[in-house]
Amino acid sequence: MAVTLEHPESASDSSPHPALSSRAAAEAFLGGVCFKLGPPMLIGAELEWFTVHRPGTAAGRGSFAGRRPTAALLAQALGPHAPHSIAPDSPAEPLSGGSRVTVEPGGQIELSSVPVPDPAELCARLGTDYRRLRELLDSRSIQMVSAAADPARAPRCQLRLPRYQAMEDYFGRIGPFGRLMMSNTAAAQISVDIGADRTELTARWTALHALGPALIAAFACSPVLRGAPSGEWASQRMRTWLHLDPARACPPVADWSDPITGYARWALDAPLLCVRRCDAGPARPGVAWRAPEGATFADWLSGGLDDELGRRPNLDDLRYHLTTLFPPVRPAGYFEIRYLDAQPGEDWKVPIAVLHALLSTPAAVADATAAAAGTTDRWLDAARHGLADPQLRAAAVALLEVAIAHSGAPAPELHAALHRCAAGAQPAGIS
């Protein structure tokens, strides 16, 4: 199990991979690469923080006062840990706890953990790497801010890579939410294994979608987002994801009798966000990577884009296309749970513990699915109202009770989260 899908930036029109022979071959490939079966033993996480450069100021931690650090400054601070996206010649060494550092388009910094069997070990490793990352950034007067949405700064992409410029171009034709998502939001993403067989796979897939709205409500902590259209939302971050492009972010999971077949078909019928080309050039690389408007990967596969693109896609193109899909649960050989707000301070430990407990055994999965049964389709309501909605609050409380019941020796943080949700209080704000 790996924790993150790679976002390779190299642009190449040729590959050792052969062209895909048919849609059936592509669907079969997707079933194997996205849904890898095996005993569910590991858990991993990706955590994001905003960054603020404020040399010589008295502003304390948790403040957005200051500029976004440049990619060059982040590379200087990170040294040998800098990712290739900001330092192409960097060795991109992991931190001592095993986490790799990545940088998001708006300057958000991210830790991608190694997968481990035990959530306590995962939290310990991430805690060690978080403290080291903060030291590295402090050396260049860059501070990390724990928040799920930037309430103060206008959206601005700092990484002018072809992928991100193509994303800005694509999402800009739909509305404001794509750019906001890229530059002004941060998440706590948790990854878990698929399951030992098709029965367990389906149960875990069903559970993770059923739990989504109640867990969004339980951990929503982004009521203010600079640049968002007016409206009161508990999770402005999740609002951006639900609105940025339904065709690639909101799959009709409830209509699928089989998640493997359903996801493979949905992925192929999703619009192309971009097509990597080696002739991007430095002037307007995002435009050079632009896909024919309205075209899907299936169109490319069938030959419908031969005149525009001059070639058929290969397996490498399909793998890259998968990284441009943003469903709330993304199968990537494991399940990426992508619907939770970044938490204040080190409170990211709580959703890690909750999800591990809820998925710990088939009995826990069944109990969790039943506890969330009344709110399974209330994604927008959860992002808008959070725990202010009585039904979502009751489901969140029920899920935390299930988590405590299945966690053996539950950490005090789980009981604190249960009491908070029962009182209808969202997590504390920015830190």
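Which residue's side chain meets that of Arg-311 in a salt bridge? The partner is Asp-317, with an N to O distance of 2.7 Å.

## Basis of the model

This is a predicted model, in which local features need pLDDT of at least 70 and side-chain atom pairs count only at pLDDT 80 or more, while totals for chains, interfaces and linings use all residues. Residues are numbered from 1 along each chain as its sequence is written, and side-chain values use heavy atoms, with hydrogens and water left out.

## Salt bridges

A salt bridge is taken here as a side-chain nitrogen of Lys or Arg within 4 Å of a carboxyl oxygen of Asp or Glu, and by this rule the count comes to 23. In the pair formed by Arg-311 and Asp-317, Arg-311 is buried at 17% relative accessibility, and Asp-317 is buried as well, at 7%; buried means under 20% relative accessible area, exposed over 50%, and partly exposed in between, with a 1.4 Å probe and protein chains only. The salt bridge between Lys-349 and Glu-346, whose closest N and O atoms are 3.2 Å apart, has another setting, with Lys-349 partly exposed at 32% and Glu-346 partly exposed at 25%.

Asp-389 and Arg-378 form a further salt bridge, with 2.6 Å between the closest N and O atoms. Because Asp-389 lies in the loop between α16 (379–385) and α17 (390–405), and Arg-378 in the loop between α15 (362–371) and α16, the pair ties together parts that are 11 residues apart in sequence. Helices in this numbering are DSSP runs (H or I, at least four residues), as are strands (E, at least two), counted from the N terminus. Asp-389 is buried, with a relative accessible area of 11%, and Arg-378 is buried at 15%. Elsewhere, a network of salt bridges links Asp-169, Arg-173, Arg-290 and Glu-293.

## Nonpolar cores and buried helices

A nonpolar core is a set of buried Ala, Val, Leu, Ile, Met, Phe, Trp, Tyr and Cys residues joined through side-chain atoms within 4.5 Å. The largest such core has 130 residues, of which Ile-109 and Tyr-339 touch the most other members, and its largest share, 11 residues, comes from helix α6 (residues 198–219). Leaving aside neighbours within four places in sequence, Ile-109 is in contact with residues including Leu-47, Trp-49, Leu-74, Val-101, Leu-133 and Met-144, where contact means heavy atoms within 4.5 Å. A second, separate core of 9 residues includes Phe-64, Val-145, Ala-148 and Ala-342.

Helix α4 (residues 162–172) is largely enclosed by the rest of the structure, because 10 of its 11 residues are buried; among them are Arg-163, Glu-168 and Asp-169.

Of its 23 lining residues, the closest to the centre are His-209, Pro-251, Val-253, Ala-254 and Trp-379. On a 1 Å grid over the protein atoms alone, a pocket is an open set of points where a 1.4 Å probe fits, with protein on both sides within 12 Å along at least five of seven lines, and lining residues have an atom within 4 Å of a point.

The largest share of this lining, 5 residues, comes from α6. By residue class, the lining divides into 15 nonpolar, 6 polar and 2 charged residues.

Terms used:
Nonpolar A, V, L, I, M, F, W, Y, C, P; charged D, E, K, R; others polar.
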